[in-house]
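Visitor: I would like to learn how to read a structure like this one, feature by feature. Could we go through it together?

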Amino acid sequence: EQEGGGAEEYLFKIVLIGDSAVGKSNLLSRFARNEFDNNSKATIGVEFQTQVVDIDGKQIKAQIWDTAGQERFRAVTSAYYRGAVGVLIVYDITRRTSFDSVKRWLDELSTHCDTTVARMLVGNKRDLENIREVSVEEGKSLAEEESLFFMETSALDSTNVQAAFEVVIREIYNDVS
Ligand code: GDP
Ligand code: MG
């Protein structure tokens, strides 16, 4: 711990994983730019976005990585995971197959990152309650089983988006400070 040295700099790499079309890119654009895109395609060329978050008066830079759509080919590379200290594993509450894939994503994560990585399970699209296929309880219990934080979000109406990222960032911060 440094004393009186002014602003300490923290830079945390956080990655987004989960099946295609669950809303990863929109969660990031909502968090980093407060934008939502209905017709979002894979963002070509942009690997990550940086957002500064204030935790207990400390300026923390969260560098959040989004896939460029390569998850469709089950080919998220080890470079994507390298150095990550946090991860959001996203599924779509209206698509059960995306929830079933969570275990596979956790397996892949465990081959690339050690167990200290802060992990949050995110059930996205909670605004689509009328076509929900995965209950809140199912999400919660999987999270408990796998020792993950859990939140349901909506990138469309902004519910819990900030909160989900901040829980992960705070957890990482608690580990390093
Ligand atoms: P990605 O492939 O995981 O990056 O998913 P995208 O962010 O590209 O989103 C896939 C589709 O789901 C797009 O048509 C989005 O507009 C839509 N979408 C993303 N998040 C939400 C949400 O929270 N609610 C609703 N209703 N649609 C969403
Ligand atoms: Mg995407």
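Visitor: Does Asn160 count as buried or exposed, and why?

Guide: This is a predicted model, so local features are read only where pLDDT is at least 70. Burial is judged by counting C-beta atoms around a residue, and the cut-off for buried is 20 or more within 10 Å. Asn160 has 20 C-beta neighbours inside 10 Å, so Asn160 counts as buried. Asn160 is placed in the loop between β6 and α6, and its phi is positive, about 65 degrees, although Asn160 is not a glycine.

Visitor: Which value of phi does Asn34 have, and where is Asn34 placed?

Guide: Asn34 is not a glycine, yet its phi is positive at about 55 degrees. Its place is in the loop between α1 and β2.

Visitor: How does Ala21 count?

Guide: Ala21 has 16 other C-beta atoms within 10 Å, so Ala21 is partly exposed. Ala21 belongs to the loop between β1 and α1. The C-alpha atom of Ala21 is separated by 12 Å from that of Ala155, although the two residues are 134 residues apart along the chain.

Visitor: Now the sheet. In what order do the strands lie?

Guide: The order is β2-β3-β1-β4-β5-β6, in an open sheet of six strands with mixed pairing. The edge strands, which pair on one side only, are β2 (48-55) and β6 (149-152). From one strand to the next, the twist averages 25 degrees.

Visitor: In which sense do β2 and β3 pair?

Guide: β2 and β3 pair in the antiparallel sense, over eight bridges. Asp54 stands opposite Gln59 in β3. The two strands form a hairpin with two residues between them, and Asp56 in the turn has a positive phi of about 50 degrees.

Visitor: And how many bridges join β4 to β1 and to β5?

Guide: Strand β1 (residues 10-17) pairs with strand β4 (residues 86-92) over four bridges, in the parallel sense. Ile14 has Gly86 of β4 as its bridge partner, and Leu16 has Leu88 of β4. On β5, the pairing with β4 is parallel over seven bridges. There, Tyr91 stands opposite Gly123 in β5.

Visitor: Which strands does helix α1 touch?

Guide: Helix α1 (residues 24-33) packs on the sheet and touches β1, β2, β3 (58-65), β4 and β5 (118-124). The direction of α1 makes about 50 degrees with that of β2. Helix α5 (residues 136-145) lies across β5 and β6, and runs at about 160 degrees to β6.

Visitor: What span does helix α6 reach?

Guide: Helix α6 (residues 161-176) reaches 23 Å from its first C-alpha to its last over 16 residues, close to the 22 Å expected at 1.5 Å a residue. Its buried residues are Val161, Ala164, Phe165, Val168, Ile169, Ile172 and Tyr173. These residues are on the same side of α6 because they cover an arc of only 165 degrees around the axis. Ala163 and Asn174, on the other side of α6, are exposed.

Visitor: How are two packed helices described?

Guide: The description uses the angle between their axes and the distance between the axes. Here α1 and α6 pack at about 90 degrees, with their axes 9 Å apart. That angle makes α1 roughly perpendicular to α6. Leu27, Arg30 and Phe31 of α1 make the contact with Val161, Gln162 and Phe165 of α6.

How values were computed
Residues numbered from 1 in each chain as written. Chains lettered and ligands numbered in written order. Predicted model: local features only at pLDDT ≥ 70, side-chain atom pairs only at ≥ 80, totals over all residues. Pairing = 2+ DSSP bridges. Axes fitted to C-alpha atoms, helices over the stretch in contact; angles between N-to-C directions. Contact = placed C-beta atoms within 7 Å. Expected span 1.5 Å × (residues − 1). Buried ≥ 20, exposed ≤ 12 C-beta atoms within 10 Å, placed from the backbone. Arc of directions from axis to C-beta. Parallel < 35°, antiparallel > 145°, perpendicular 65-115°, else oblique.
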